[in-house]
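Start with the structure itself, then read on.

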Amino acid sequence: MYDLSAPFTLLLGDLPTLVRMELTKLLHAEPDLRVVGSAVGSEELVSQARRLRPGLILAAENQLRGLEQLAQRHAVPILLYSNTAPLAGMLNETARWGVYDHILPLLGRQHPGFSSYRQDLLRKIRSARVSGAIVSAGPATTRLPTVPMPPNRVIVIGGSTGGSKAVETLIRSLGAMPYTTIMVAVHLPASFTDSFVERLRRASAMPVMAGIPGALLAAGTIVVAPGGQNMVIRPVAKGAWLTWQTDVSPEAGPTPDEPSIDLLMRSVAREFGRNTIGVVLTGLGTDGTLGARSIRQAGGLVLTQNEASAAVFSMPKSVIKAGLANAALSLPELAEYLNRAAVVSRTLRTGATTSFSQPAAR
């Protein structure tokens, strides 16, 4: 563990010369902080970090490509110096490399906002130390924040009669989706949750877990709504990051079925908007129709299983009759489409919303 009685050391990245000088002067006025060096370019950043073992790196935007290599060789908390506020997608992507927050260009000491800027800068620097995102003083590995990387897209898959088999078949054909979370809600009793999760684990290329209340949403995973209760997602702040966690809703769903597909879809659409995909599979009743409406209103996409492949066509038919389905597809076609969507998700590195082609209705 980093020695809390010693000054917290910082390595400055490829910042303008005057900015580096002013930041060094500002930080050295604090008895608990010390700048130990600077680095120009990505390669020098990696070599200097390994040599100096700083507690924090204040990196420039042009050094981002070196952070992945740095994380593999000498993980360290990163504060990003950015000309403009980074988009959420960029921060989400770089979080796995240790980027936990950003600062904007340094203000002059005569600027009326300098005092607030200074306080915010020092707070963000010290938060890396206090929160435990600090480097070991010896050769041991660095402890970084354990907040999982949030997704930039969520796929909600719902089903009822015949739904568990349909979900298993669909999941078996899906590849890894490192920037997407898949949430599954199938009308099953609570006693079937564990066995259903285990079946999906054997079929899936991604980790599968039950949606325990308070569990953080992690990109690249599948979350299964527990039987007999209604699961939703809620936003939650973790340090400098906004992420989401699963929760149990006390609200009754529009239909008596549990877990409610409508409530889950509605909560995801509210948080992820057009980066939501709803999939309504085989099942009896109308659950999923109101959720599909929320997704479409938020700009997302809704797919259903087609009649030829559904054991019971009632739920998909309800969505289609309401005019909410972008397409009705067989299970292999649904898998093909979702795999294509996951590839597009990988391009969302700057936070820009990237559209992808909608499947032809069938």
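Two strands count as paired if DSSP finds at least two bridges between them. Keep that rule in mind for what follows. The model shown is predicted.

Seven strands build an open sheet with parallel pairing, in the order 8-9-7-6-12-13-14. Strand 8 (208–210) and strand 14 (327–329) stand at the edges. Each has a single partner strand, so one side of each is left without a neighbour in the sheet. On average, neighbouring strands are turned by 20° against each other, direction ignored.

| Strand | Partner strand | Sense | Bridges |
|---|---|---|---|
| Strand 6 (residues 153–159) | Strand 12 | parallel | five bridges |
| Strand 12 | Strand 13 (residues 301–305) | parallel | four bridges |
| Strand 7 (residues 180–186) | Strand 9 (residues 221–224) | parallel | four bridges |

Ile155 has Ile277 of strand 12 as its bridge partner. Gly278 stands opposite Val302 in strand 13. Ile182 stands opposite Ile222 in strand 9.

**Strand 12**

Is strand 12 largely enclosed or left open by the rest of the structure? Five of its five residues (276–280) are buried, so strand 12 is largely enclosed by the rest of the structure. Buried here means under 20% relative accessible area.

Which residues of strand 12 point one way, and which the other? Thr276, Gly278 and Val280 point one way. Ile277 and Val279 point the other way. All of them are buried.

**The helices**

Strand 12 pairs in parallel with strand 13. From strand 12 the chain crosses through helix 9 (residues 289–297) to strand 13, and this β-α-β crossover is right-handed.

Helix 8 (residues 261–272) lies across strand 6, strand 7 and strand 12. Helix 8 runs at about 170° to strand 6. Helix 9 also packs on the sheet, where it touches strand 12 and strand 13. The direction of helix 9 makes about 145° with that of strand 13.

Helix 6 (residues 163–172) has seven of its 10 residues buried, so this helix is largely enclosed by the rest of the structure. The buried residues of helix 6 are Gly163, Ser164, Ala166, Val167, Glu168, Leu170 and Ile171.

Notes:
Residues are numbered from 1 along each chain as its sequence is written. This is a predicted model: local features need pLDDT of at least 70, side-chain atom pairs count only at pLDDT 80 or more; totals for chains, interfaces and linings use all residues. Side-chain values use heavy atoms; hydrogens and water are left out. Buried means under 20% relative accessible area, exposed over 50%, partly exposed in between (1.4 Å probe, protein chains only). Helices (H or I, at least four residues) and strands (E, at least two) are DSSP runs, numbered from the N terminus. A crossover is right-handed if, with the strands pointing away from the viewer, the path from the first strand over the helix to the second runs clockwise. Axes are lines fitted to C-alpha atoms, for helices over the stretch in contact, and angles run from 0 to 180 degrees between N-to-C directions. Contact means heavy atoms within 4.5 Å.
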